[in-house]
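Subject: Handover of a structure, with findings

Dear colleague,

I am passing the structure below to you for your files. Please look through it first, and then read the notes that follow it.

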Amino acid sequence: MQTNETSQESEIKQVIGSLCMMNNRFMNFMLDDNKKAAQVFLRVILGDDKIKVRNVRIQSFIQNIYGHSSQLDILAQDSKGRYFNVEVQRSDEGAPARRARFYSSILDTHFLQPGKLYEELPDTYVIFITENDVLHDNLPLYNIRRRIDENAKCFEDGSHIIYVNSQRRDNTALGKLMQDLYCTEPKNLHYHEFAERMEFLKYSKEGEEKMTDVIEEYAARKAEALAKEAVKEAAKKAEEKEQANRIELAQGLLADGMSIEFTVRHSKLTEAEVRELASKLSA
């Protein structure tokens, strides 16, 4: 028999083995200080092979002293000084248009330093990778830019919002990237920049230790699920006991010659249930 410790270790390995980059926390580990992997993401999504990532950070907290602050999943900067915020959203509710607008604005307020000219405001890109096609036009990519209504020309303010539909997993470079987001095995990844990192995280002791908080998060969710199941089971047993008491009361009332209507009123059973009990008593 497996000991509890062996069983737990096996379960942890199963959890780690099932992780893919569409898991927000695992994506963070895949890209944390991993310039090559972040570079692949940005080059493929933006269709620009010349992007050179200077640095990449995960879970960047941006304080807004006047209002809502934000924690960005992934924040990268390239050699041209442009900033890229990448957010993985499995829930449709997590990628509304106004959230994208807010993230774009908070990047602006954070990266224009006091005394700097507006012309020095860096270009920013807010990229939502969504599990479903939240904009509903079955496009692989949605590039959102401001434009002038009267002449349909782009209003070049350096602000970019991009939605990536991860359901479009074809054989294009972007489609292969989307396939990689759902891949759980390093050997099956299209982009080797991801494979090396995934191999480390999933199949080395150091990688497993690095993902301690992912495992703890899983354990917390499991404990919560077990607690909810226990509550449901207790409620079910209580209801079964209450129903048994109602049936016993109804049987007694019917045996004493009480009417169907009286028995329904006092036993709290439905009329159909009481009539069924009555038919059994008279059989």
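The model is predicted: local features are reported only at pLDDT of at least 70 and side-chain atom pairs only at pLDDT 80 or more, whereas totals for chains, interfaces and linings use all residues. Residues are numbered from 1 along each chain as its sequence is written, and side-chain values use heavy atoms, with hydrogens and water left out.

Confidence

pLDDT is the predictor's confidence in each residue, on a scale from 0 to 100. The protein averages 86, and 91% of the residues score at least 70. Confidence is lowest in helix α1 (residues 4-18), with a mean of 71, and highest in helix α5 (residues 173-181), with 96. Where pLDDT is low, the predicted coordinates should not be read in detail. Helices (H or I, at least four residues) and strands (E, at least two) are DSSP runs, numbered from the N terminus.

Strand β4 covers residues 124-130, and seven of its seven residues are buried. Here buried means under 20% relative accessible area, exposed means over 50%, and partly exposed lies in between (1.4 Å probe, protein chains only). In a regular strand the side chains alternate between the two faces of the sheet. In β4, Thr124, Val126, Phe128 and Thr130 point one way, while Tyr125, Ile127 and Ile129 point the other way.

Two strands count as paired if DSSP finds at least two bridges between them. Strand β3 (residues 83-89) pairs with β4 in the parallel sense over seven bridges, and Val88 stands opposite Ile129 of β4. Between β3 and β4 the chain passes through helix α4 (residues 97-111), and this β-α-β crossover is right-handed; that is, with the strands pointing away from the viewer, the path from the first strand over the helix to the second runs clockwise. Strand β6 (residues 159-165) is also parallel to β4 and is joined to β4 by seven bridges. The bridge partner of Ile127 in β6 is Ile162.

Nonpolar cores

A nonpolar core is a set of buried Ala, Val, Leu, Ile, Met, Phe, Trp, Tyr and Cys residues joined through side-chain atoms within 4.5 Å. The largest one has 42 residues, of which Phe41, Ile45, Ile127, Ile129, Leu177 and Phe194 touch the most other members. Helix α3 (residues 35-46) gives the most to this core, with seven residues. A second, separate core has 14 residues, including Leu72, Leu75, Ala95 and Val134.

Contacts of single residues

Contact means heavy atoms within 4.5 Å. Leaving aside neighbours within four places in sequence, Ile127 is in contact with Leu42, Ile45, Asn85, Val86, Glu87, Ile162 and Val164.

Val126 belongs to β4 and is buried, with a relative accessible area of 1%. Beyond residues up to four places away in sequence, Val126 touches residues that include Ala100, Tyr103, Ser104, Leu107 and Ile161.

Ser104 is found in helix α4 and, at 6% relative accessibility, counts as buried. With neighbours within four places in sequence set aside, Ser104 is in contact with Thr124, Val126 and Ser159.

Ser166 sits in the loop between β6 and α5 and is buried, at 0% relative accessibility. Among the residues Ser166 touches, not counting those up to four places away in sequence, are Met22, Ile129, Thr130 and Tyr182.

Positive phi values in two loops

His136 has a phi near 65 degrees, a positive value in a residue other than glycine. His136 lies in the loop between β4 and β5 (141-144) and counts as exposed, at 65% relative accessibility. Ala152 likewise is a residue other than glycine with a positive phi, near 60 degrees. The loop between β5 and β6 holds Ala152, which is exposed at 52% relative accessibility.

Helix α9

In helix α9 (residues 260-267), Ile260, Thr263 and Ser267 are buried. Seen down the helix axis, the buried residues of α9 fall within an arc of 65 degrees, so they line one face of the helix; the arc is that of the directions from the helix axis to the C-beta atoms. Glu261 and Arg265, on the other side of α9, are exposed. Just after α9, Lys268 takes a positive phi of about 70 degrees.

Yours sincerely
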